[in-house]
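Let's take a walk through a protein structure together. Have the view open beside you and look for each residue as we come to it.

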Amino acid sequence: MGHVQRRLASTTAKLASSLSTAHLQKFPPKELLFAKGREIPTATIDPDTWASLQPPPPTALSAFAHRIGLSSVLNSTEAIQQICTHPSFLQLLKQHKPHEQESATNGQLAAIGNSLMGLFATEYVRATYPHLPTRVMKAAVTAHVGPLPCANVAQEMGATPLLRWHRSRGTLLKPGVLHSDALASIPRALTALVYQRRSLPSARQFVHSYFLSREVDLRGMIKFLDPKKALLEMVKKFQRELPKSRLLKETGRFSNSPVFVVGIFSGEDQLGEGFGSSLKMAEYRAAEDALLRVYLSRTPPHLVQLPSQTFPVGVGDVYRKLPEVDYKAADLVESEIMYASSGNSFTRSS
Amino acid sequence: MLGHRLVSFTRPLTRAYAPKWPRPKPGTSERPPYRPSDPLNNNPSATVTALPDENLTFIHRPPPTAPSPISYTTNPVSPLLRPPSSPSSILPPLLRPSADKSVPIRLTAVQVAEIRRLRSLDPVKWTRGRLAKKFDCTQQFVALVAATKKTTRTKLIRRRDEEHEANRGKWSEKRSLVAAISQKRRQYW
């Protein structure tokens, strides 16, 4: 089976699994059986397209709301329907059912929710890893609440059969819509709805439980081109003695498998340690280790203080005056080093 | 008189060293079995906690490899996040003897002007390295103080790269392969 056939099969399977006919008023529908004015009954509409136009059963929507623990917030089927309808669906609806009333979509909610999720993820990552460089912090935020994790969480929630969307190819003016884009809009819309119907702390709790509790490996996101240069800049920033590398242990020099253990020292403090099969390699790894020790120092979970804690709990105006909240602002740390800090990717300049 | 002259050194008839062959028999006193010492005994990096009630002894000895870089801010692993310590202890030897150099003395304005003059005169002849050696400063200082214009610099670098590329073309296949392998290895550092 070629990749095209496999793609078609998976799309059909997705569509077929979503259709349940118990809640439909008229089944089988006339448009699938007969076309007016023709002797031989032929369908005017493709069955797969017809299936994608039908709304999901209200029982499935209610089950979804209860499954994710938001049954009190999503108290009506219309609200859940709105959450699961991507704006691209309207195009499909207009094409095949032009007389039907336009259903509410999650476009605006997804936009609000996306901003809120970015806010919560950024403050959490910053509070947890205060020394992380900006480019790594951005990557960490994307890893927590980016489009891919949002789509994954939507699938884990079981929103795939409830999603109503339409695939479109990207043009020069508009970006295309893929299945993962449409799925990602669901958790974002949920966040925004929780914020609107409850409060900001509730929305934050939602994002923390579904997204910020996921394991993200930061070590893979931190790459160095010249760690010795970066470490030199960092040591100067902390106003310590310049780093000097010292040989801690070695074995097998001049053999075919030497091992050197090198430590980088600032005065008498060992900043980092690395091993390697050559002196240069061990020194490189020691510099990397020294930098990682600073970057990956995290705040203990019980001491994390988030700025959004100062927002009021409960429904009402977000900016209303409150009694003093127990919040201690985090101490400012040394600013990040400028070397290799700009842009998305670092390219060596000649 | 003759008796005195007869007192001369003579080699002993038995030798005082073990000959290489026949080989010492393993498992005997000639080659006793190897009994390694317990690394937990008398270890400076081991923490021993005795619990006499349960008749137990806890010995915590973390592996001698480098610790994980992940730590809490309340007890950071990096010395940069702690106040500097000053125990006067013997440090391991420096990796390269050139690291033992002291900071070079600050150059006067006259010397700096001279550096600039020479560099602008002929950047190919008066390279950064040559000027650094002449005035006893670092190459980076020369680059900071007497940088060539961007156009000249790109031209020189391009010429140098082309020369190197031409030289690399003359290499044998084996040499190119070895160089490519070491370059690939560098990516795995």
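## Where two chains meet

Between chain B and chain A, the count is one salt bridge. Keep in mind from the start that this is a predicted model. To find the bridge, look for A:Glu283 and B:Arg96, whose closest N and O atoms are 2.6 Å apart. Other polar links cross here too: the rule finds twelve residue pairs in polar contact across the interface of chain B and chain A, both residues of a pair being at pLDDT 80 or more. What kinds of residues make up the side of chain B that touches chain A? They divide into 21 nonpolar, nine polar and three charged.

Now take in the whole interface. Here, 33 residues of chain B are in contact with 40 residues of chain A. The size of an interface is often given as the accessible area lost when the parts come together. For chain B and chain A, the area buried between them is about 3300 Å², and 64% of it is on carbon and sulfur atoms. Which residues of chain B lose the most area to chain A? They are B:Leu80, B:Leu95 and B:Trp189, which together account for 26% of what that side buries.

Let's return to A:Glu283, for there is another partner to meet. A:Lys228 also forms a salt bridge with A:Glu283, and here the closest N and O atoms are 3.4 Å apart. A:Lys228 lies in helix H12 (residues 227-237) of chain A, while A:Glu283 lies in helix H13 (residues 279-295) of chain A, so this pair ties together parts that are 55 residues apart in sequence. A:Lys228, at 36% relative accessibility, counts as partly exposed.

Over all chains, the structure holds ten salt bridges. One of chain A's pairs is A:Asp269 with A:Arg240, whose side chains meet at 3.6 Å, N to O. A:Asp269 sits in strand S3 (residues 269-276) of chain A and A:Arg240 in the loop between H12 and strand S1 (243-251) of chain A, so the pair ties together parts that are 29 residues apart in sequence. Both A:Asp269 and A:Arg240 are buried. A further salt bridge joins the side chains of A:Glu250 and A:Arg253, at 2.8 Å from N to O. A:Glu250 is partly exposed, with a relative accessible area of 38%, and A:Arg253 counts as partly exposed at 37%.

Next, let's look at the nonpolar cores. The largest has 81 residues, and the members that touch the most others are A:Phe64, A:Leu74 and A:Leu190. Helix H10 (residues 179-197) of chain A gives the most to this core, with nine residues. A second, separate core has twelve residues, including B:Leu107, B:Ile115, B:Cys137 and B:Val142.

Our last stop is A:Asn152, in helix H9 (residues 147-157) of chain A. A:Asn152 is partly exposed, with a relative accessible area of 29%. The C-alpha atoms of A:Asn152 and A:Ser180 are separated by 8.2 Å, and these residues are 28 residues apart along the chain.

How values were computed. Residues numbered from 1 in each chain as written. Chains lettered and ligands numbered in written order. Predicted model: local features only at pLDDT ≥ 70, side-chain atom pairs only at ≥ 80, totals over all residues. Heavy atoms only, no water. Core = buried A, V, L, I, M, F, W, Y, C linked by side-chain atoms within 4.5 Å. Buried < 20%, exposed > 50% of the residue type's maximum accessible area, 1.4 Å probe, protein only. Helix = DSSP H or I, 4+ residues; strand = E, 2+ residues; numbered from the N terminus. Contact = heavy atoms within 4.5 Å. Buried area = accessible area lost by both parts, 1.4 Å probe. Salt bridge = Lys/Arg side-chain N within 4 Å of Asp/Glu carboxyl O. Polar contact = N/O pair within 3.5 Å; in protein donor to acceptor, adjacent residues only side chain to side chain. Nonpolar A, V, L, I, M, F, W, Y, C, P; charged D, E, K, R; others polar.
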